[in-house]
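Please keep the sequence and the 3D view at hand as you read.

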Amino acid sequence: MSDAPAYVPPKVWTWNKESGGRFASINRPIAGPTHDKVLPVGRHPLQLYSLGTPNGVKVTVMLEELLALGHEGAEYDAWLINIGAGDQFGSGFVEVNPNSKIPALLDRSGPKPIRVFESGAILLYLAEKFGEFLPTEPTARAECLSWLMWLMGSAPFLGGGFGHFYAYAPFKIEYAIDRYAMEVKRQLDVLDRRLGESRFLAGEAYTIADMATWPWYGALVKGAVYEAGEFLSVKDYKNVLRWTDEIGARPAVKRGRMVNRTFGDPASQLHERHEASDFDTKTADKLAPAAAG
Ligand SMILES: N[C@@H](CCC(=O)N[C@@H](CS)C(=O)NCC(=O)O)C(=O)O
């Protein structure tokens, strides 16, 4: 094993603001707002404050799926929260999510706005509100909730563990990469075995468990996150690949993954979504074609 930089933990941990990691400028050991900022509110019943990361995409896919089924009450304004600039620490955002992380949802359809934070809770809230993508039959419902909770517990090992140490840490630590690569491959094998016996995670029907899992492990097996496809031999997980492709072909998924996206092909980035027509007229390539030339 290679030598890691020598480190002896002090008696009491103190905050090193210059830790050098990719997110050093936004990571803090304290909660609460850093500045006053009122959140914008659009005209639709649902206000989403988010960013096109895997956790954000879970919710925009769900909203686009609900709209595709004809649920007009699922119309939404998706506002961009720039986490690199610290928008998640604005007072208005913290009122909607005291945990200062995207995605956060405000349902203004009733007499009093209802806040929902944590992507898994948002999926469940929307599934119950509209009666979609959450089976009612007890066995399938239990499978759906089990896989949803599995994802919520597992993805931090992929993102905060493997992704952080493999792609973002200021130096490579073999022990950390090894530990999290092993866990992520184990998780991929869990998924692969399940998807070898079942078309979707909860059974024959596509549910919120798939919507939660696809933006993380689907992106991973396509080599789209952390440039780790080869390192993790993702091609071995054939059932996950089959499931990833089937979900990725859904029109609502194609739309959902564009919302609040700020990276990749400009034609795939819809920074804010306020109308269904925005997908045709307001992508980054169309809003700022002059910026390139
Ligand atoms: N468990 C949360 C995780 C959300 C999360 O980690 N969001 C990240 C972006 S993917 C974030 O907002 N990070 C900002 C920060 O940590 O300050 C959920 O699923 O909603």
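How far is an oxygen atom of the ligand from an N or O atom in the side chain of K101? The distance is 2.5 Å. Before going further, please note that this is a predicted model, in which local features need pLDDT of at least 70 and side-chain atom pairs count only at pLDDT 80 or more, while totals for chains, interfaces and linings use all residues. Residues are numbered from 1 along each chain as its sequence is written, and side-chain values use heavy atoms, with hydrogens and water left out.

## Around the ligand

There are 14 residues around the ligand, and Q88, K101, I102, E118 and S119 come nearest. Here a residue is near a molecule if one of its heavy atoms lies within 4 Å of it.

Taken alone, the ligand exposes 530 Å², and the protein buries 81% of that. These areas come from the Shrake-Rupley method with a 1.4 Å probe. Sorted by class, the shell around the ligand has 6 nonpolar, 5 polar and 3 charged residues. In this sorting, Ala, Val, Leu, Ile, Met, Phe, Trp, Tyr, Cys and Pro count as nonpolar, Asp, Glu, Lys and Arg as charged, and the others, Gly among them, as polar.

## The nonpolar cores

A nonpolar core is a set of buried Ala, Val, Leu, Ile, Met, Phe, Trp, Tyr and Cys residues joined through side-chain atoms within 4.5 Å. Buried means under 20% relative accessible area, exposed over 50%, and partly exposed in between (1.4 Å probe, protein chains only). Helices (H or I, at least four residues) and strands (E, at least two) are DSSP runs, numbered from the N terminus.

The largest nonpolar core has 66 residues, and those with the most contacts inside it are M62, L126, F162, I208, Y217 and L220. Among the elements that each supply at least two residues of this core are β1 (46-50), α1 (54-68), α4 (138-168) and α5 (174-197). Which helix gives the most to this core? That is α6, with 10 residues.

I208 has contacts (heavy atoms within 4.5 Å) with residues including M62, L123, F133 and L148, not counting residues up to four places away in sequence. A second, separate core of 10 residues includes Y49, L51, V96 and I102. I102 is also one of the residues that come nearest to the ligand.

G56 is found in helix α1 and is buried, with a relative accessible area of 2%. Leaving out residues up to four places away in sequence, G56 touches S50, L51, I102 and P103. Two of these partners, I102 and P103, are joined by a cis peptide bond, with omega about 0°. P103 sits in the loop between α2 (91-96) and β3 (104-107). Most residues other than glycine have a negative phi, and most peptide bonds are trans.

## Two residues with positive phi

S233, in the loop between α6 and α7, has a positive phi near 50°. N260, in the loop between α8 (251-256) and α9 (278-281), also has a positive phi, near 60°. Is each of them buried, partly exposed or exposed? S233 counts as partly exposed because its relative accessibility is 32%, whereas N260 counts as buried because its value is 0%.

E65 is found in helix α1 and is buried, with a relative accessible area of 4%. E65 and A252 are 187 residues apart in sequence and 5.2 Å apart in space, C-alpha to C-alpha. The side chain of E65 makes a polar contact with the side chain of R250 at 2.8 Å. Such a contact is a pair of N or O atoms within 3.5 Å; within protein, one must be able to donate a hydrogen and the other to accept it, and residues adjacent in sequence count only if both atoms are side-chain atoms.

D192 has its place in helix α5 and counts as buried at 11% relative accessibility. Beyond four places away in sequence, D192 touches D236, Y237, K238, N239 and V240. A polar atom of the D192 side chain lies 3.0 Å from the backbone nitrogen of V240.
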